[in-house]
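Colleague: Please take a close look at the aromatic rings in this model. Which rings pair, and where do charges sit over them?

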Amino acid sequence: MIFFRRFLIGSSLTLTGFLAGSYVERKRREPCSQQTLPGLFDAVYAATPTSLPDVVPAKGISTNRVSQIMKYGFPGFDQIRSFDDFVLSYDRRNRVAHWVFEHLTQETVKHNPDVDRAKCDFKPDDTVHPFFRSENSDYKHSGFDRGHLAAAGNHKANQKHCEDTFFLSNMAPQVGSGFNRDAWNKLEKYVRKLTKKFVNVYCCTGPLYLPRKEADGKTYVKYQVIGTNNVAVPTHFFKVVVCERSDGKMEMEAFVMPNQVINNETPLTMFQVPPETIERAAGLLFFSQVNRKHLVSINGKSP
């Protein structure tokens, strides 16, 4: 009986992940659940705003800024690292981040003419053990871009902030033309634009490795690796965004995009998914400290 119960639970989780992948690839919009969202609003909190896990900070980083960025909880606690203007959790096995968290406002995303992206170099993160870090050589001739998770365009108010986004711990292999330079960039710009409408924008970004049914009828999780360090190439990427209004109310949006060429005419709404679908697929809990009473919409619909 115990084995049977575990089998059912495992099958359910696999099916959920498969449905998420199938949904995105078919580009069919799925309505938000009207039920209570498990994982988003349950009693198990990923963190509290005043209690920080062990963080590997860059020199001079204020714990106040980390608390501000992570105000609504940590999605997970594996290998937390903080930079001047974003926080990430690093996946040492796959050599990419589990997630990257940003707090954006109209002031923080404002372009500073003194900031020069051309002066930013892609560089290994020396806070990661050499066994587990990615190198520029891994990406060379791979056919993939070094795709930002915390977008450089979100941090152009300060040269150091922009430079920090070029650490390879903030990168993941992304299809270049048609995705990183197009559809994904379009989503990044959309998130920045939200700062014109909302007082605060909290954005969590990360990779997904979703299952897919093969010709033999079985479901597999398959993904390419690149370079001598076997850097994982995610099958999909997610963004979960919470926006604070001036009246204290909040709105949430969640997106999943396949790591492939996407028609540039495809509207972003086609990639919206229920947030709990991403939680189940990624093994993370997003915005666990958000008070449900303050959340007025998820993907434009009442929760």
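**Aromatic pairs and charges over rings**

Modeller: This is a predicted model. Tyrosine 72 is buried, and tyrosine 202 is buried too. The count of aromatic pairs comes to 15. One of them joins tyrosine 72 and tyrosine 202. Now the sequence context. Tyrosine 72 lies in the loop between helix H2 (63-69) and strand S2 (80-82), while tyrosine 202 belongs to strand S7 (residues 200-208), so this pair ties together parts that are 130 residues apart in sequence.

Next, a phenylalanine pair. Phenylalanine 101 and phenylalanine 287 are also edge-to-face, at 5.3 Å centre to centre and 65° between the planes. Here too the pair links distant parts of the chain. Phenylalanine 101 is in strand S4 (residues 96-104). Phenylalanine 287 is in the loop between helix H7 (275-282) and strand S14 (295-298). The two are 186 residues apart. Both phenylalanine 101 and phenylalanine 287 are buried. They also belong to a cluster: ring pairs link Phe101 and Phe287 with Phe74, Phe77 and Trp99.

Now the charges. The charged end of arginine 146 sits over the ring of phenylalanine 122, 3.8 Å from the ring's centre. Lysine 123 lies over the face of phenylalanine 167, and its distance from that ring centre is 4.5 Å.

Notes: Residues numbered from 1 in each chain as written. Predicted model: local features only at pLDDT ≥ 70, side-chain atom pairs only at ≥ 80, totals over all residues. Heavy atoms only, no water. Phe/Tyr/Trp six-rings, centres within 6.5 Å; stacked < 30°, edge-to-face > 60°. Helix = DSSP H or I, 4+ residues; strand = E, 2+ residues; numbered from the N terminus. Buried < 20%, exposed > 50% of the residue type's maximum accessible area, 1.4 Å probe, protein only. Lys NZ or Arg CZ within 6 Å of the ring centre and 35° of its normal.
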